[in-house]
Amino acid sequence: MAGSPVEQVPSATGGGDEFGYPHGHLGHLTAEQENALQDFKAVLEERGLYKHASGEDASHEDWTLLRFLRARKWVVEDAYKQFKDTEDWRKANQLEALYDTIDVEAYEETRSLYPQWTGRRDRRGIPIYLFQIRHLDSKTVANYEKKAETTSASLAKTDGSTPEKLLRLFALYENLTRFAQPLCSAMKDRDNAETPITLSTNIVDVSQVSLRMFWNLKSHMQAASTLATAHYPETLDRIFIIGAPYFFSTVWGWIKRWFDPITVSKIFILSAAEVKTELERFIEPRNIPKAYGGELEFEFFDRPNVDPRIKEAITWEKGHTDFPRGPAYWVPSEDGKMLELFGVGRQDGKERREKICSIPSPFPKVEKPAVVAVKETEVNGEVKVDAAIEGVKALSVSSSDGKPSTTEISEKVAAAVVPDAATEEQKPAVVNA
């Protein structure tokens, strides 16, 4: 694959920032954090919210569970409460059906009002989104909300308490967790390539926005932010606010109350003189839109200008050369070695499920061959056990104290089949957040 490992950003990973990526993410957990993860799984399994039967994929990936733990400062009971509330909310509003059956045009209309994926990643491999708030004028928002409240965009049935206009927004969050983040996780041209990407970097342009416009958007943005913080925790990383007008301190007073303190600590308000320099600390110039001092041809409303490195890693299907309009998500291939992208949603009233492309899975399943025969022999007073393993010619386990234990045999078998078996438990198996 083209490209060398990206430069690591010191301010993003060091300097005592206990919340900065990759701290608290898979492969970078402290002993206490690892214990909290295991305790969290045990609590969820005991209370019927998590399944991990032997030989089957877990019902929830470790990196998803870690988002709730980080959001609740590693307090298991607090994470459990937020996780349960989210699972109840998802079930009541049929989030899976919402994303699978949302009308493609309705999805694209919603996408045009919210942060757009630029098709690029920051220096750490995290997807970059651009949000220009000036396009959310009162007339546009009013027309959108009226249409959303009178026309059902999907086949999902809701609980009645979450407005349709907001549920459409969460189809975009599903796209973040089920499309953009898994795609970026699959790219190996980054530091910490063993660690799944579960965040996003956001450039928020508030230029040309009046105080009246901010006020008119206040309730809409507050409701969206509150639900996103509750049900999609720890999906935002650095948020750069650009073009802040002189009265923005008043607006900031409202905004910071909508988020938890950890999220607030990740929001940076940049002056005009700081924009280019600060963005370049986190993003290569080729991935910064030209409007903000970079080299990327990308305007708000554009389709993603997909990183050539990503396109090189993709195997396209059926003549496709780019990602589709509307919702899409990755699923593991049958053998677990690839991720396959399917375009979903409805077009002209018909449900779509079209395979678009595939990419090598960042965390392929490792099938552990079974021991099919064990033969004991005694040589000079030592008992040797030869284990015939599917795919392995021979394996010997010796013990000077007599017959080797089952544990000794199992460990030796695991080491022969999976060289890094000691850490295999910490490796996620599939990508389907």
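Trainee: By class, how many nonpolar, polar and charged residues does the lining of the second largest cavity have?
Mentor: Bear in mind that this is a predicted model. The second largest cavity has a volume of about 140 Å³, and 15 residues line this cavity, with T229, Y232, P233, E234 and T263 lying nearest its centre. Sorted by class, that lining has seven nonpolar, five polar and three charged residues.

Trainee: Which helix gives the most to the lining of the second largest cavity?
Mentor: Among the residues nearest the centre of this cavity is T229, and T229 is also one of the residues through which α9 makes its contact with α4. With three residues in the lining of the second largest cavity, the element that gives the most is α9.

Trainee: How are the axes of α4 and α9 set relative to each other, parallel or perpendicular?
Mentor: The axes of α4, residues 76-92, and α9, residues 211-231, come within 9 Å and cross at roughly 115°. An angle of 65 to 115 degrees counts as roughly perpendicular, and the relation of α4 to α9 is therefore described as roughly perpendicular.

Trainee: By class, how many nonpolar, polar and charged residues make the contact of α4 with α9?
Mentor: On the α4 side the contact is made by Q82, D85, T86 and W89, while α9 contributes L227, T229, A230 and H231. Taken by class, the contact has three nonpolar, four polar and one charged residues.

Trainee: What is the volume of the largest cavity?
Mentor: A search of the whole structure finds six cavities of 30 Å³ or more. The largest cavity is lined by 44 residues, and those lying nearest its centre are Y114, P115, F131, Y173 and N202. By class the lining has 34 nonpolar, six polar and four charged residues, and the space within this cavity is about 920 Å³.

Trainee: Which strands each supply at least two residues of the lining of the largest cavity?
Mentor: The elements that each supply at least two residues include the helices α6, α8, α9 and α10. Strands β2, β3 and β4 belong to an open sheet of five strands with mixed pairing, in the order β1-β2-β3-β4-β5. The strands that each supply at least two residues to the lining are β2, β3 and β4.

Trainee: Which strands stand at the edges of the five-stranded sheet, each with a single partner strand?
Mentor: In the order β1-β2-β3-β4-β5, the twist averages 20° from one strand to the next. Each edge strand has a single partner, so one side of each is left without a neighbour in the sheet, and these strands are β1 (116-121) and β5 (267-270).

Trainee: Which residue is the bridge partner of I239 in β5?
Mentor: Strands β4 and β5 run parallel and are joined by four bridges, while helix α12, residues 275-282, lies across β3, β4 and β5 at about 165° to β4. Within β5, the residue that partners I239 is I267.

Trainee: Which residue of β11 does W316 stand opposite?
Mentor: A further open sheet has four strands, paired antiparallel in the order β6-β11-β8-β7. In this sheet β6 and β11, the latter covering residues 354-360, pair over two bridges. Opposite W316, the residue in β11 is C357.

Trainee: By class, how many nonpolar, polar and charged residues make the contact of α2 with α3?
Mentor: Helices α2 (residues 31-46) and α3 (residues 62-71) pack at about 100°, with their axes 10 Å apart, which makes α2 roughly perpendicular to α3. Residues A36, L37, F40, K41 and L44 of α2 meet D62, L65, L66, F68 and L69 of α3. By class, this contact has eight nonpolar, no polar and two charged residues.

Terms used
Residues are numbered from 1 along each chain as its sequence is written. This is a predicted model: local features need pLDDT of at least 70, side-chain atom pairs count only at pLDDT 80 or more; totals for chains, interfaces and linings use all residues. Side-chain values use heavy atoms; hydrogens and water are left out. Axes are lines fitted to C-alpha atoms, for helices over the stretch in contact, and angles run from 0 to 180 degrees between N-to-C directions. Angles under 35 degrees count as roughly parallel, over 145 as roughly antiparallel, 65 to 115 as roughly perpendicular and the rest as oblique. Contact means heavy atoms within 4.5 Å. Ala, Val, Leu, Ile, Met, Phe, Trp, Tyr, Cys and Pro count as nonpolar, Asp, Glu, Lys and Arg as charged, and the others, Gly among them, as polar. On a 1 Å grid over the protein atoms alone, a cavity is a set of points where a 1.4 Å probe fits but cannot get out, and a pocket is an open set with protein on both sides within 12 Å along at least five of seven lines; lining residues have an atom within 4 Å of a point. Grid points are joined across faces, edges and corners, and a volume is the space filled by probe spheres set on the points. Two strands pair if DSSP finds at least two bridges between them.
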